[in-house]
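Visitor: Please show the structure, and then let us examine it by question and answer.

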Amino acid sequence: MIELYYWPTPNGHKIVLFLEEAGLSYRIRPVDIGRGEQFDPHFLALSPNNRIPAIVDHAPNDGGEPVSLFESGAILLYLAEKTGRFLPRDLRGRKTVLEWLFWQVGGLGPMCGQAHHFLQYAPERVPYAIDRYVAEVGRLYAVLDRRLEGRRYIAGEYSIADMACYPWIRPYKRQNQRIEDFPNLKRWLEDIGARPATERAYALARSVSQRAQPVDEEARRFLFGQSADTVRRASPRSGRER
Ligand SMILES: N[C@@H](CCC(=O)N[C@@H](CS)C(=O)NCC(=O)O)C(=O)O
């Protein structure tokens, strides 16, 4: 059984996409990041960067003690290796999936995140930041659109590279992007959106979202008021390394 420390955000969706596709047994542990639950000592012991997602695998393949992981890319790779699914075994297929997985975690995710921030959450309108991140997200969309020309998925069969990218493209309107300008991406988005596992993943997200408060002043303080002092003040529960 996998425990998934989760909140219905793009990085959280990635892992549910995998778990639903693979049919792994899992239990959701909601971490309300707008209410500061990412600073709970128990969660920090698993996820020292105070970010969701994180998992605990209670039945790791080596038969040993439970294993915990943070960082969505590392989790996807771990789950792919655990199940032998959604990551090709051959050297070339595998390296291609890893290229695009790292492209997502190092580029697409952070840039979309900044676009969301300056378009939706910044307390003042900062045109330079909006222009910069909307343009960069558009550039990344064009890179992925070109990659998908003549390909159904990013790298051969449906893989962890697709699962990593999809939740960041799905909210394209929040990034001021016109999906019609990226026809291959549009087709890919519709294809993945129609997968039963994707439908289940977003149904779960909607059910958890119902419990979420709107992003109010308290949430803003937790999410956007972090500094080195926040980390120094928060302390993980001590315990065995997993
Ligand atoms: N690089 C991390 C990023 C995770 C991340 O940014 N998670 C956000 C939600 S999408 C979060 O937990 N934010 C809580 C906070 O900012 O304190 C990953 O890929 O897992």
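Ligand and helix contacts

Visitor: From which kind of ligand atom does a polar side-chain atom of Glu71 lie 2.8 Å?

Guide: This is a predicted model: local features need pLDDT of at least 70, side-chain atom pairs need 80 or more, and totals for chains, interfaces and linings use all residues. Residues are numbered from 1 along each chain as its sequence is written, and side-chain values use heavy atoms, without hydrogens or water. For Glu71, the ligand atom at 2.8 Å is a nitrogen.

Visitor: How much of the ligand's accessible area does the protein cover?

Guide: Oxygen atoms of the ligand lie 2.8 Å from a polar side-chain atom of Gln38 and 2.6 Å from one of Ser72. Of the 520 Å² of accessible area (Shrake-Rupley method, 1.4 Å probe) that the ligand has on its own, the protein covers 82%.

Visitor: Is the peptide bond from Ile52 to Pro53 cis or trans?

Guide: Most peptide bonds are trans. Pro53 lies in the loop between helix H2 (41–46) and strand S3 (54–57); helices (H or I, at least four residues) and strands (E, at least two) are DSSP runs numbered from the N terminus. Omega from Ile52 to Pro53 is near 5°, and the bond is cis.

Visitor: How is H1 oriented relative to H3?

Guide: The axes of H1 (residues 10–22) and H3 (residues 72–83) come within 10 Å and cross at roughly 5°. Axes are lines fitted to C-alpha atoms over the stretch in contact, with angles from 0 to 180 degrees between N-to-C directions. Angles under 35 degrees count as roughly parallel, so H1 and H3 are roughly parallel.

Technical notes. Parallel < 35°, antiparallel > 145°, perpendicular 65-115°, else oblique. Polar contact = N/O pair within 3.5 Å; in protein donor to acceptor, adjacent residues only side chain to side chain.
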